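Subject: Structure handover

Hi,

Here is the structure I promised to pass on. Have a look at it first, and then read my notes below.

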Amino acid sequence: MVLTGCSKAKEEAPAPPPAAAPIAAPAPGAYKPKPSPTLAAIKARGWLSCGVNPGLAGFAYSDDRGAWRGFDIDVCRAVAAAVLGDAKAARFTTVTAPERFTALRGGKIDILSRNTSWTLSRDAGEGVDFAAVTYYDGQGFLAPKTLSLASADELNGARICVQKGTASETNLADYFQARGLKYQAVVVNNGAEARARYQAEECDVFTADMAALASARSLMNTPNAHVILPTVISKEPLGPVVRQDDPAWTDIVRWTVYATILAEELGVDSKSAPDQLKTSTDPRVRRLLGAQDNLGPILGLKPDWAYQVIVQVGSYDEIFERNLGQGSSLKLARGHNALWSAVEPGLMYAPPVR
């Protein structure tokens, strides 16, 4: 009995409950792309139709050889690289501010890439969708340095050149009404006319988006004789616009923009992409370049769609620097258009590719 008592088996500890089986994410191939009539039409004709500004230095302009250049031009070329594999397969149609949405809705162009602000009335009322923000801007004022102005609040009674058919008209009226100030609007048809009339002293100041003002100043006879006032009277998120009746096409344009932003964030550019495609072990880079998970077909595109965008057009920082930044005549700082993760953080942020 003593031996029996000493050798009594200890009670076994209860077994742990079985681990829950991991829920596997659907394989990329399980998703089927939504048909896009716009994409089908572009592939059938072999080129992308882009609506652009007739002339805005840094954003859209035709050089001495007749070649189109600029930030908004590169956005179009990036989309052409994504959908056709050829950034050169983009053709450009100039559209004025009043006609831009009509041209888009009527099918004259596939995408509007023309310094256009994302607003509620346009998004909900024009039958269009804003795919993404490519440039964060704000409205300001260009004035002669000789006036020694420190703020837009000193413009009571001023003659102000403003382009018709733009958000600038409404913003100008709102700002002055809210402050009980008066002004005389000198309404012009386009930026070139505004610049000409301002230089002819037919208006005291010129109002537009800050980047557009910097562009206009760079083309003036004596750029250093003019200053952009520090007052910013609005938020102007600019980006490509598409028709509202083709959400699959909206996705394609949206993710083309995001691919350039993610490329900068992940340290991939047009020069390093070929090597990173072969050697990178970072799953985020491999997915972006099409070496892993084959996400392109979800958009109705080839696996290397983003790789073609980056190699042929560039990452966001490459596009910005050569058109607007230190590699350009405008030499604009990144400011709000810096990455969210930059040392001096900006607003540029893209969802992950996965």
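What follows is a short tour of what turned up.

First, some ground rules: this is a predicted model, so local features need pLDDT of at least 70 and side-chain atom pairs count only at pLDDT 80 or more, while totals for chains, interfaces and linings use all residues. Residues are numbered from 1 along each chain as its sequence is written, and side-chain values use heavy atoms, with hydrogens and water left out.

Overall picture

The protein has 13 helices and 14 strands; helices (H or I, at least four residues) and strands (E, at least two) are DSSP runs, numbered from the N terminus. Its C-alpha trace spans about 115 × 55 × 40 Å along the principal axes. The radius of gyration is 26 Å, whereas a compact globule of 354 residues would come out near 20 Å (taken over C-alpha atoms, with the globule rule being 2.2 Å times the number of residues to the power 0.38).

Of the 354 residues, 47% count as buried, where buried means under 20% relative accessible area, exposed over 50% and partly exposed in between, with a 1.4 Å probe and protein chains only. As for contacts (heavy atoms within 4.5 Å), take those between residues at least 6 apart in sequence: 69% of them join residues at least 24 apart.

The disulfide

A search of the whole structure gives one disulfide, meaning a pair of cysteine sulfur atoms within 2.5 Å. The partners are Cys-161 and Cys-203, with their sulfur atoms 2.1 Å apart. The torsion about their S-S bond is about -100°, so this disulfide is left-handed. It ties together distant parts of the chain, 42 residues apart: Cys-161 sits in strand S9 (residues 158-163), and Cys-203 in the loop between helix H7 (191-199) and strand S11 (205-209). Both Cys-161 and Cys-203 are buried. Cys-50 counts as buried too, because its relative accessibility is 0%.

The cores

In soluble globular proteins, nonpolar side chains tend to be buried together. A nonpolar core here is a set of buried Ala, Val, Leu, Ile, Met, Phe, Trp, Tyr and Cys residues joined through side-chain atoms within 4.5 Å. The largest one has 77 residues, and those with the most contacts inside it are Phe-71, Val-83, Tyr-135, Phe-206, Trp-249 and Leu-288. Helix H3 (residues 71-84) supplies the largest share of this core, ten residues. Leaving aside residues up to four places away in sequence, Phe-71 touches several others, among them Phe-59, Tyr-135, Tyr-316 and Phe-320. There is also a second, separate core of 15 residues, including Ala-143, Ala-152, Leu-155 and Phe-176.

Helix H12

Helix H12 (residues 305-312) is mostly covered, with six of its eight residues buried. Those are Trp-305, Ala-306, Tyr-307, Gln-308, Val-309 and Ile-310. Their cover includes H3, helix H9 (247-265), helix H10 (273-279) and helix H11 (283-289). After H12 comes Gly-314, with a positive phi near 125°.

Asn-115

Finally, look at the loop between strand S5 (111-112) and helix H5 (120-125), where you will find Asn-115. Is Asn-115 buried or exposed? It counts as buried, because its relative accessibility is 19%. Its side chain makes a polar contact of 3.1 Å with that of Asn-53 (a pair of N or O atoms within 3.5 Å; within protein, one must be able to donate a hydrogen and the other to accept it, and residues adjacent in sequence count only if both atoms are side-chain atoms).

Cheers
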